[in-house]
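These are my notebook entries on one protein chain, written while I looked through its sequence and its structure.

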Amino acid sequence: MSITLEQVSKEYNNAAAVSDVTAHIDEGELFVLLGPSGSGKSTLLRAIAGLTPIDHGRIVLHGRDVTNLGARDREVGFVFQNYALFRHMTVADNVEFALRARRVRSAERRRRRAELLKLVALEGYENRLPSELSGGQQQRVALARALAHEPRVLLLDEPFGALDAKIRDELRRAIRDIQRAVGITTVLVTHDQEEAFSMADRIGVMDRGRLQEVGEPRTLYQQPGTRFVATFLGAANLVLGPYGYRDVQLGESYFEVDRWSNSLRTGDEAAVVVRPEDVSLAARREQLPVLAVGSARVVEVQFVGAIERVRLTADATATLASALQPGAATLGIEASRTARDVESFPLAVGDDVYFGFKRMHALPTPISSLRLVGTEQNSVAELGAMPLVKELSERMRIEPLRYQAGSEQPERVRGLPVIALDEEMNLSGVLEMLEKGARQVLALTAGGSQVQRMLIYVEPSSCGREAALAAAASLARHLTIDVGMLVRDEDGVDGAACYRDLLDLRNESLRLHGLDMRTEMFRGDAVAAIKERLVTSDEQTLLVIGLTSPERCNDLVDELRALLRSQPPAAILFVSGRDEQPAEAAPKAYAFAL
Ligand code: ADP
């Protein structure tokens with residue numbers, strides 16, 4: 001492993017710039033850190049370089065822990081966006097700078113300089129000053145300078161930012177070729193997804209200080225794990241449909257979805273990503289090469305060179321709703337068509353067509369929308385104003401759910417019901433929602449200020465753990481919080497095996513759910529352990545409780561209620577571990593008594 005980052009965090013003025021980033025970058029790999037402005041890319045890159053000290057975590061370069069070493073001792077080369085050449089020095093002196101500083105003899109310096117200028121195709125430019133070079137040439141000199149002392153890691157911070165499109169393209173190719181030729185492990189920072197796609201072996205997408213997802217460009221594009229990555233990497237239709245038994249219903253048809261949907265369970269609301277190029281259109285249902293989802297009306301046709309972009313609208317229904325436009329009566333669909341499609345089936349605004357999806361991908365997030373539960377307008381509005389709900393609402397669809405406790409609810413509860421707990425910490429509402437088929441319920445306590453950390457506890461049972469981690473990850477992805485999981489240290493269990501178990505758990509959670517978390521051992525009573533953590537921290541906590549068997553659930557909920565009264569966390573996410581059978585074999589709902 002060339003670069004290992006372990007739970008790297010950095011704050012500026014109490015605000016996290018980089019939050020708990022863990023990543024492994026292979027020898028010779030070109031790894032691109034991609035994300036919007038302010039997402040923490042540069043801070044992370046500077047931390048690897050040793051230019052910015054970190055608050056927590058570890059940075060290991062080629063097996064050497066460099067966390068506390070200065071930039072000079074890390075064997076890294078750095079190229080910034082704004083050239084940063086020494087203006088008064090010639091190209092030759094700029095390239096030789098690091099070698100002089102390391103007291104390399106002059107003959108060796110000249111040899112190395114000639115080699116590098118050849119590598120960046122600037123032979124004959126030795127005596128020019130930076131001001132006599134174009135922007136692209138200056139960046140080549142900066143690259144040669146960064147490579148002069150033969151670093152083992154090359155770090156590039158938006159190196160093409162200040163260049164115009166054509167030169168940028170040339171330089172991208174040049175840097176990619178040089179990187180391959182030298183075989184140096186490289187981390188490149190950019191906010192431009194096209195740049196990331198064209199250069200990266202793997203991309204790490206950052207958002208709000210977190211490394212959201214890591215993967216090869218094609219995989220990330222086709223199978224993103226989060227809606228942020230799905231939409232940041234390119235145009236995407238994001239639709240919601242009910243997840244059945246290994247399939248999702250979209251409009252009038254059922255579709256099998258890919259392996260990612262392992263974290264979804266019957267009754268969840270699946271958020272499905274469909275790229276515009278995967279939308280098929282036809283005049284008649286039977287002309288579609290795929291199953292029909294429904295019909296839609298063309299509202300815009302745009303010619304953009306090689307492809308035609310078509311925007312359509314369809315009626316939103318219970319089986320086909322937009323995941324991005326809360327509560328809208330219609331949803332927009334974007335399609336792109338090749339010249340051949342256009343020729344065989346010309347379209348104009350106002351046409352009615354049938355549409356289907358050639359390829360789709362269900363996000364592995366069981367929580368796709370929030371339902372604010374209240375009996376009247378006021379209570380729903382109060383819930384909507386709570387900081388945690390506001391933070392989540394930036395990324396998730398929110399709908400009110402009018403609901404009277406104890407009433408017959410004709411429809412099963414979908415999405416994540418959110419309810420407010422009264423001072424008594426009465427959990428009967430939570431249990432009622434779970435009985436009505438909700439997979440998870442979010443309960444907020446009064447005050448409910450900004451949440452800073454998540455603490456997960458799952459009652460022992462393997463299916464419960466999967467469900468709880470998937471649900472916890474669904475929320476954690478949208479929040480900037482630390483995540484910890486409490487794990488019972490069983491008496492008499494072999495220590496090494498137990499430690500391996502913990503590592504497996506962490507890896508599994510990262511691999512399946514993109515959730516990087518700490519694990520904390522405890523002995524004895526779980527509720528006492530949770531209480532101890534709540535008492536000893538002044539951070540606002542979102543507690544995640546994975547429930548399993550109905551009998552144990554009753555006991556646990558009783559114990560929790562006492563805990564909540566004495567030491568209320570900001571919020572509690574209850575996740576039911578019960579896995580529903582297909583409809584024909586539906587088990588009876590649990591009978592909870594409080
Ligand atoms: P990116 O490279 O993705 O644009 P940065 O790493 O530059 O993001 O910044 C991440 C966050 O940290 C931003 O909110 C930024 O304002 C803040 N930040 C970065 N550097 C400093 C600094 N030296 N002092 C204070 N805040 C900083």
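The entries below go from the chain as a whole to single contacts.

**Entry 1: ground rules.** I noted that this is a predicted model, in which local features need pLDDT of at least 70 and side-chain atom pairs count only at pLDDT 80 or more, while totals for chains, interfaces and linings use all residues. Residues are numbered from 1 along each chain as its sequence is written, and side-chain values use heavy atoms, with hydrogens and water left out.

**Entry 2: the whole chain.** I looked up the helices and strands and found 16 helices and 30 strands in the chain; these are DSSP runs, helices being H or I with at least four residues and strands being E with at least two, numbered from the N terminus. Of the 594 residues in the chain, 54% are buried, where buried means under 20% relative accessible area, exposed means over 50%, and partly exposed lies in between, with a 1.4 Å probe and protein chains only. Among the contacts with a separation of 6 or more, 75% are between residues 24 or more positions apart, a contact being heavy atoms within 4.5 Å.

**Entry 3: the six-stranded sheet.** I traced an open sheet of six strands in the order S6-S7-S8-S3-S9-S10, with mixed pairing; two strands pair if DSSP finds at least two bridges between them. Strands S6 (76-79) and S10 (210-215) stand at the edges with a single partner strand each, so one side of each has no neighbour in the sheet.

**Entry 4: helix H1.** Which strands does H1 touch as it packs on the sheet? Helix H1 (residues 41-49) touches S3 (30-34), S6, S7, S8 and S9 (202-207), and its direction makes about 150 degrees with that of S7; such angles run from 0 to 180 degrees between N-to-C directions, with axes fitted to C-alpha atoms, for helices over the stretch in contact. Seven of the nine residues of H1 are buried, so H1 is largely enclosed by the rest of the structure. Among these buried residues I listed Lys-41, Leu-44, Leu-45 and Ile-48. Just after H1, Gly-50 takes a positive phi of about 90 degrees.

**Entry 5: H4 with H5.** The axes of H4 (residues 135-147) and H5 (residues 165-182) come within 10 Å and cross at roughly 20 degrees. That makes H4 roughly parallel to H5, since angles under 35 degrees count as roughly parallel, over 145 as roughly antiparallel, 65 to 115 as roughly perpendicular and the rest as oblique. In H4, Gly-136, Gln-139, Arg-140, Leu-143 and Leu-147 meet Ile-167, Leu-171, Ala-174, Ile-175 and Ile-178 in H5.

**Entry 6: H2 with H3.** I found H2 (residues 91-101) and H3 (residues 106-119) packed at an angle of about 125 degrees, with their axes 10 Å apart, and these two helices are therefore oblique to each other. The residues that meet include Val-95 and Leu-99 in H2 and Arg-109 and Leu-116 in H3.

**Entry 7: a second sheet.** Last, I looked up an open sheet of four strands in the order S18-S11-S14-S21, with antiparallel pairing. Its edge strands are S18 (321-322) and S21 (361-362), each pairing on one side only. Strand S14 (residues 269-274) pairs with S21 over two bridges, and Val-273 has His-361 in S21 as its bridge partner.
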